[in-house]
Structure formats: C-alpha cells, structure tokens
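Please read them with the coordinates open.

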Amino acid sequence: VNIAITGATGYIGKHLSDYLTEKGGHRVIPLGRSMFREGMSGLLIRTLAHCDVVINLAGAPVSRRWTPEHKKEMFDSRVVVTHRIIRALNAVKTKPGLMISVSAAGYYPPGVEVDEYTRTRGDGFLADLCYAWEKEARRCPEPVRLVIARLGVVLSPDGGAMQQMFRPLQSV
C-alpha cells in the first residue's frame, strides 16, 4: 500500500513511517513542506494520484510561545496544508481509499471528561484552530473515507512532551 504522510519528519510521523515500512511492508511517501508552497499543486496532485492512503500529521509545534507570528504558522501549517491536500484530492482521478487527518484534544474544553462522541468545543485559540482544521478536512471528496483523530499529549521516553517535561528536572 502506498501511504502519503505530511509531517513525516515530526515525532509521530517518524515513528509511524518506520512502523508502516518495517512492520507493515508499506511504501511511505513523505509529503514535505515544499510540496505545499504556492505553485506546487501539480507535484502534489501527481504524488497523491499514486497513493492508497493519505495521513495528515502536518502542524507547527504548539509547545512554543504563541506569538502572533507563531499562531499564524500553527494555522497555516494545519489549515492551509489541509486545504491544499483537499484541493489536490479533488483533482486526482483515482482517489485514495482513506484519509486520516489528525486534530488535537485541544478541541475540547479543559477539565471535562470527553470521549469520541463528545461534541462540546472549548474556547480560545487552540479550540478554534482545531475546529478550522477539522472543517477543512471534512471537505474531503467522496468516495475517500475520512477519519479525524484528536490526539492528546504524546508521552514517550524517547521524545515527545515527556522529554520536554523532564528537562527542568535534569538540572536538579
């Protein structure tokens, strides 16, 4: 199976790519940032024309200071990239069977127990960002099956948020 992945160089993307190729025997096609620049839609369309699955993990880190510039980068790297994927999928003759687009648990209000059926959206930038991101993904053309996965904080001894949380403790 040919699987195109945005965010393939990120923490989750690297682990997922390794798993899919080594354990699953699939062919992973990383969709780099350059494919989403203006004027690159032709290359993106040609690439997606040969894919069975698209996994959208793109997004600038939320673990940085949320300056106006970084908020724009977080928005563009999620919503604009997803828009360009959807636009390319609309142009592809033979569409992939599945698109998995991630979002974040930041969609939900803080301090509330939620599950996959919870519709309540939180307030603020992160909830608004997740809403816009998911809204763009929902424009995925038929007959592509769309799965939106709202991920929480990634904890792992070899990276993710846990590594950042342990940093202050290492100097003690």
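1. Over the ring of which residue does the charged end of K71 sit? The ring is that of F125, and the charged end of K71 is 5.1 Å from its centre. Please keep in mind throughout that this is a predicted model.

2. F125 also takes part in an aromatic pair with W66. The ring centres are 5.3 Å apart and the planes lie at 65 degrees, an edge-to-face arrangement.

3. The whole structure holds two aromatic pairs. Besides W66 and F125, there is the pair of Y107 and Y108. Their ring centres are 5.6 Å apart with the planes at 85 degrees, so this pair is edge-to-face. Y107 and Y108 are both buried. A charged residue is placed at this site as well: R150 lies over the face of Y107, 3.7 Å from the ring centre.

4. The packing of α2 on α3 deserves a look. Two packed helices are described by the angle between their axes and the distance between the axes. Here the axes of helix α2 (residues 41–48) and helix α3 (residues 68–91) come within 9 Å and cross at roughly 60 degrees. The crossing is right-handed. On the α2 side, S41, L44, I45 and L48 make the contact; on the α3 side, R84, I85, R87, A88, L89 and A91 do. By class, these residues comprise seven nonpolar, one polar and two charged.

5. F36 is in the loop between β2 (27–31) and α2. Is F36 buried or exposed? At 7% relative accessibility, F36 counts as buried. Apart from neighbours within four places in sequence, F36 is in contact with T6, L31, L44, V81, R84 and I85. Of these, L44 is listed in the α2 part of the helix contact, and R84 and I85 in the α3 part. F36 and L20 are 16 residues apart along the chain, and their C-alpha atoms are separated by 23 Å.

6. S17 is a serine in helix α1 (residues 11–22). With a relative accessibility of 11%, S17 counts as buried. Beyond its neighbours within four places in sequence, S17 is in contact with I5, A8 and V28.

7. D123 sits in the loop between β4 (98–104) and α4. D123 is exposed, its relative accessible area being 77%. The C-alpha atom of D123 is separated by 37 Å from that of G42, a residue 81 places away along the chain.

8. Most residues other than glycine have a negative phi, and most peptide bonds are trans. The bond joining E142 and P143 is cis, with omega about 0 degrees. P143 is in the loop between α4 and β5 (145–151).

Note on methods
Residues are numbered from 1 along each chain as its sequence is written. This is a predicted model: local features need pLDDT of at least 70, side-chain atom pairs count only at pLDDT 80 or more; totals for chains, interfaces and linings use all residues. Side-chain values use heavy atoms; hydrogens and water are left out. Axes are lines fitted to C-alpha atoms, for helices over the stretch in contact, and angles run from 0 to 180 degrees between N-to-C directions. Helices (H or I, at least four residues) and strands (E, at least two) are DSSP runs, numbered from the N terminus. A crossing is left-handed if the near helix is turned anticlockwise from the far one by less than a right angle, and right-handed if clockwise. Contact means heavy atoms within 4.5 Å. Ala, Val, Leu, Ile, Met, Phe, Trp, Tyr, Cys and Pro count as nonpolar, Asp, Glu, Lys and Arg as charged, and the others, Gly among them, as polar. Rings of Phe, Tyr and Trp (its six-membered ring) pair if their centres lie within 6.5 Å; planes under 30 degrees apart count as stacked, over 60 as edge-to-face and the rest as tilted. Buried means under 20% relative accessible area, exposed over 50%, partly exposed in between (1.4 Å probe, protein chains only). A charge sits over a ring if NZ of Lys or CZ of Arg is within 6 Å of the ring centre and within 35 degrees of the ring normal.
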